[in-house]
Amino acid sequence: MNLQLVFDALSLGGIYATAALGVALIFGVMKLVNFAQGQFLAFCVFALIIPSKDAVAVMGLGAAPAYVLIPMVLLIGVGLAVLSELLVFRHLRDAEPVSLMVASFALGIVIQNLLLMTYGGRPKAVSLWPNLGKPVDFLGAEVPLLQIIVIFTIVLMLILLSVGLKFTRIGLEMRAAAENFGMARLLGVRANRVIMMAFAISGVLAAMLALIFVAQTGVADVRMGSSIVLIAFVATVLGGMGSLPGAVLAGLLLGAVSTLLQAYLPVELRPFRDAFLYGLVIVVLLVRPQGLFTLSSVSNRI
Amino acid sequence: MSKIAVHDLVVSFGKLMALREVSFLVEEGDLVFIAGPNGAGKSSLLRSIAGEIQPRKGRIEIDGTIVTGAGPEVIARMGVSMVPEGRRVFSTLTIEENLMLGTGMRRDKAAIAADLEEIYTTFPILKERRTTSAGALSGGQQQMLVIGRAIMTNPKIVLVDEPSLGLAPKVVDEVYNQLCALRKERGLTLVIVEQSTSRAARVGGKLILLNNGEITRQGRVEDFADDDLISGAYFGMESGE
């Protein structure tokens, strides 16, 4: 197997894993499948551009140096996610999971239309850090620098998140809340704090993906994020709803399988790659309906 | 001022009435048993006090403060700790993480460490396996863990829902020994739900008999006629009256 393929699989898998984490984190603490996550991403993308309906995007924040741009975009992602919790989801705390999901759809469409009103519907060409597209020599393979940075960033994020979840008080509370929110509250764990934190982290993840997508594709489109959130949802189900390691592993797996299918399917079948990918998903779910990485002790809860 | 005061509490799930105007008082340091058959509303009563269930009507006071409608974390922070039915350990957390989870509201670091040491002394098995997943413990060990976990919140009131459920009689004895020891040592107010009255007959304290969502009788255990308690291993309407 060539090294390029490994990098492709890792970066796509990492992107899926990141998106799946954002979904799983919030599902874990409040049983909400947040489909608006995709529009959080799109919002962060458009935050880079000066509002206008022109076909050519003029960078606003996007023209700032990286050390300003990156924290600002992350902050915007956090702000939007936290705001949606405060304005929408907090008031639906006792609602059925299905109602919550519908609310997240609705919120996503509202955000998408706000973007449409401000920026118009046509995809815009955006140039963010074009130098990162250059291939560099890495372990004897020609790999785009961007891909290395993406993989490195995601690995760093996973390490930071794991350490945070393992060794901080809020991390402990989040893990407990994901397993049994009711019991955690009986022990004095504050629901609002934990849920707010889950939204904040999911906002960071959405902003990260926004930057990765723009840098990779060079396009800003109000629809971007919609398809990744679907894959993220599939990955969380595949990983076992509510299991964070499960979501990450399933995300990686989906990305890797998708990359392999793209590389090894007969050329005439490649356009239908997703049919094979999702066919495999169905097979996996038939064999393990509780998800790939669920502990039996946790599965009865969901 | 009573430690817990419940006034005309009504709890319903849809059309099903779980509690119909239940009133009682618990004084500081009391040991109170709430007993009654399946579906009598015992758990609903305990969970209402803990803030897990919002009552339809009525009022709950803790230390004279009205807490009706407050969330469980608010009530936990007032010094009320619940040991729920079925134990509910966090099986994805280690034993020590389970114990430490409830200390988030405490600021007394030294006292937290001392409490942890005390629990480890009382239940050496927990110390031995402190870094292993709590899911690997046996039922009896899990019961000790959740009692320890409740104590780690430094509570004034501990609510225990059917501690004997699914445990061997010998283990139940040990659980009760520990509960009573902790109560004495820390001056806890202890409210225990059990299906049968046999444990209350042995341990003493106050007894509240609940049936069909209503209190059929309450008083000190010794004031209940002996035959009541013996026949009351499984309470019907008659034996409570």
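In strand β7 of chain B, the bridge partner of M82(B) is L159(B), where helices (H or I, at least four residues) and strands (E, at least two) are DSSP runs numbered from the N terminus. The two strands concerned, β6(B) and β7(B), the latter covering residues 157-161, pair in the parallel sense over four bridges, and two strands are said to pair if DSSP finds at least two bridges between them. The model is predicted, so that local features need pLDDT of at least 70 and side-chain atom pairs count only at pLDDT 80 or more, while totals for chains, interfaces and linings use all residues. Residues are numbered from 1 along each chain as its sequence is written, and chains are lettered from A and ligands numbered from 1 in the order in which they are written.

Strand β1(B), residues 4-13, pairs with β2(B) in the antiparallel sense over seven bridges, and L9(B) stands opposite V22(B) in β2(B).

Helix α1(B), residues 42-49, is largely enclosed by the rest of the structure, because seven of its eight residues are buried. A residue is buried if 20 or more other C-beta atoms lie within 10 Å of its own, exposed if 12 or fewer, and partly exposed in between, with C-beta atoms placed from the backbone. Among the buried residues of α1(B) are K42(B), R47(B) and I49(B), and just after this helix G51(B) takes a positive phi of about 85 degrees.

Taken as a whole, chain B has 10 helices and 10 strands, and 43% of its 241 residues count as buried. Its radius of gyration is 18 Å, which agrees with the value near 18 Å that a compact globule of 241 residues would have; this radius is taken over C-alpha atoms, and the globule rule is 2.2 Å times the number of residues to the power 0.38.

Turning to the core, the largest nonpolar core has 161 residues, and those with the most contacts inside it include A20(A), C44(A) and L159(B). Such a core is a set of buried Ala, Val, Leu, Ile, Met, Phe, Trp, Tyr and Cys residues joined through C-beta atoms within 7 Å. Helix α8 (residues 191-217) of chain A gives the most to this core, with 18 residues.

Finally, at the interface, 19 residues of chain A are in contact with 22 residues of chain B, contact meaning that their C-beta atoms, placed from the backbone, lie within 7 Å. On the side of chain A that touches chain B, α6(A) gives the most, with six residues.

Conventions: Contact = placed C-beta atoms within 7 Å.
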